[in-house]
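Please examine the sequence and the model before reading each solution.

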Amino acid sequence: MPAPVIATQNLVKSYPVKNSKDFVAVDGISFEVAPGESFGLLGPNGAGKSTTMRMIGAVSTRTSGDLDVLGLDPNRYGPEIRSQLGVVPQENNLDLELKVRENLLVYGRYFGLPRARVARRADELLEFAQLADKAGAKVDDLSGGMKRRLTIARALINDPRILLLDEPTTGLDPQARHILWDRLFRLKEQGTTLLLTTHYMDEAEQLCDRLVVVDKGRIMAEGSPADLIRRYSSREVLEVRFGSTQNAEVADRIQSFGGSGFGERVDVLPDRILVYSESGENELERMTAAGLHPITSLVRRSSLEDVFLRLTGRNLIE
Amino acid sequence: MSGPTNDISDDMRSQTLAAAVAAAARTRRYGSWYVAEHRFRVMRSYAQTVLFTAVGSPLVYLYAMGVGLASLVDNNLGDDAVTGVSYLAFLAPALLASSAIAVASEEFTYPIMLGFKWNPTFFGMNASSIQPGQIINGIIISVAVRMLVTCTIFYVFMLVFGAVPGRLGFVAVPVALVTGLAFGALVMAYTATLKDDTGQLAMVQRFVILPMTLFSGTFFPLDVLPPYLQWIGWISPLWHGTELSRVFAYGLSEPIWLSLVHVLYLAALLAIGWVWARRLATRRLNT
Ligand SMILES: Nc1ncnc2c1ncn2[C@@H]1O[C@H](COP(=O)(O)OP(=O)(O)O)[C@@H](O)[C@H]1O
Ligand SMILES: [Mg+2]
């Protein structure tokens, strides 16, 4: 295996809290990202994803542990590491006082690139981000998805070896998300290493070759999306609803049915019951045969959401 | 080091290091100028306002105060009643220094709040090869340029109004520049401490800049004030800058050690504000 471009070992970040113990936002995280890989941090709000990204982006000093980005230690080689990164932060920080294209021009200069080269690259990137016709527009007049694409274009101005994306599509409508995913796919195809955080399981499934599931600053599991689903869930999930009044009562029967309950495992949520199984249809038939008639039923493939639920007992988006 | 595998990875490591060092070298050296370049682009969007103020304020102030008020003063007290020169000659260097303070109070307050908080572009810069200290340097450089333009235009109007008897009068321009920056760097550092603006910046305008302008020997010599108010002048960069400007503009007589104190005091404030602002920026951007 080629040398990893990012390697963390027991990475910790804690923040001081007045009159109290330090708050540990990242609590001993270890993972490695190979060149060209698309690697994800999947976890709910407050899991410590952004904090981890900032440490890797060499703008936040780690409290302890080892961190190695492109073989360099961020404590010593901050500007050098950042010269090789493209960063899409969770909150956009485009300059609203400048026009769309100008944002790329000033940013390119921050890497010491000659003006002519930055100008050429800016035009290419506006094309890539499908913003060529907005070059002279005010940033504030762009839609959320366009702003995000502009931020990605800005992050690419120095031809980075690694692109860090912190929740790239949070807050965007489905169509805008798909346009963005398409752009990120292209980068992936071109061999750019992507490190991204998300709390959307579909985004992780779409974009990540490999990911870690993070909760409360710790890694709960690591693997490819398919891997994780195989390891922590079943092939299919049957979702049944019996109405809020019936749910709890029926849940007992489903969980204890035939001794071990339906399927491989049953999860009871406030509004519905999940039955994990190789075949959801079979379980539904057995259920009906046993005289249980859900108001609605749905059979779907298992997802990372189920993995997260299994690992933490909670949903990704609360 | 042992074994061939290690050697290979060490070799790759040193190659990456060499490439990264080369890529960041220019930014390490010129980063502050790149930030200044960015700020100039932003200023271009309000260049008209900048020029309008730079031309309008000397016209208005020199005319209203220097000519209008001056004729009143001179008619009543005589042509050389205020420190030995006409009121216009006395007032003009102070107005010049005040115009530098005005630029400082504009550029080192809301734009700083903007960059750290409202439109956090400083965080964007900091994610590139730029370092926090360079952001502060770049802002100071860009404001210095705007201030220099403003003060030069002001000085040209002083000449037009015949307000500069001394031959070394032009030195008042760099003096005003240093005065504005010395005050501005402190204001910038203070603004960088604010997590949010809940009226503090307006308070600075009202309770620092306004009294400073009134009690810094601007419109009347400091010794006219009762002794218990004179300390305002002594701690005020504007008073030190104004007095020093007067030495050059018309040869205000003061002991040489006092002129030296003016220079040292302004330089010290500038250094303190600058270093403090750089520290705060580093702390705030490294989260
Ligand atoms: N600068 C900071 N000071 C104090 N606490 C922080 C700071 N940044 C983040 N945190 C806390 O650390 C935890 C993890 O935050 P974050 O990394 O932003 O999570 P995520 O990106 O996964 O939502 C949160 O509880 C957050 O409140
Ligand atoms: Mg986050």
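**Exercise 1.** Determine which polar atoms approach ligand 1.

*Solution.* Begin with S50(A): one of its polar side-chain atoms lies 2.7 Å from an oxygen atom of ligand 1, a polar contact being a pair of N or O atoms within 3.5 Å. Continue with the backbone, where a polar atom of G46(A) is 2.7 Å from a ligand oxygen and one of K49(A) is 2.8 Å from a ligand oxygen. Finally, the protein covers 64% of the 560 Å² of accessible area that ligand 1 has on its own (Shrake-Rupley method, 1.4 Å probe).

The model is predicted: local features need pLDDT of at least 70 and side-chain atom pairs pLDDT 80 or more, while totals for chains, interfaces and linings use all residues. Residues are numbered from 1 along each chain, chains are lettered from A and ligands numbered from 1 as written, and side-chain values use heavy atoms, without hydrogens and water.

**Exercise 2.** Identify the element that supplies the largest share of the shell around ligand 1.

*Solution.* The residues around the ligand (a heavy atom within 4 Å) include Y15(A), F23(A) and R54(A). The largest share, 4 residues, comes from α1(A), a helix spanning residues 49–56 (a DSSP run of H or I, at least four residues; strands are runs of E, at least two).

**Exercise 3.** State the strand order of the open sheet.

*Solution.* The order is β2-β1-β4 (chain A), with antiparallel pairing (pairing requires at least two DSSP bridges). Strands β1 and β4 of chain A pair over 5 bridges; in β4(A), D66(A) is the bridge partner of Q9(A).

Conventions:
Contact = heavy atoms within 4.5 Å. Axes fitted to C-alpha atoms, helices over the stretch in contact; angles between N-to-C directions. Polar contact = N/O pair within 3.5 Å; in protein donor to acceptor, adjacent residues only side chain to side chain.
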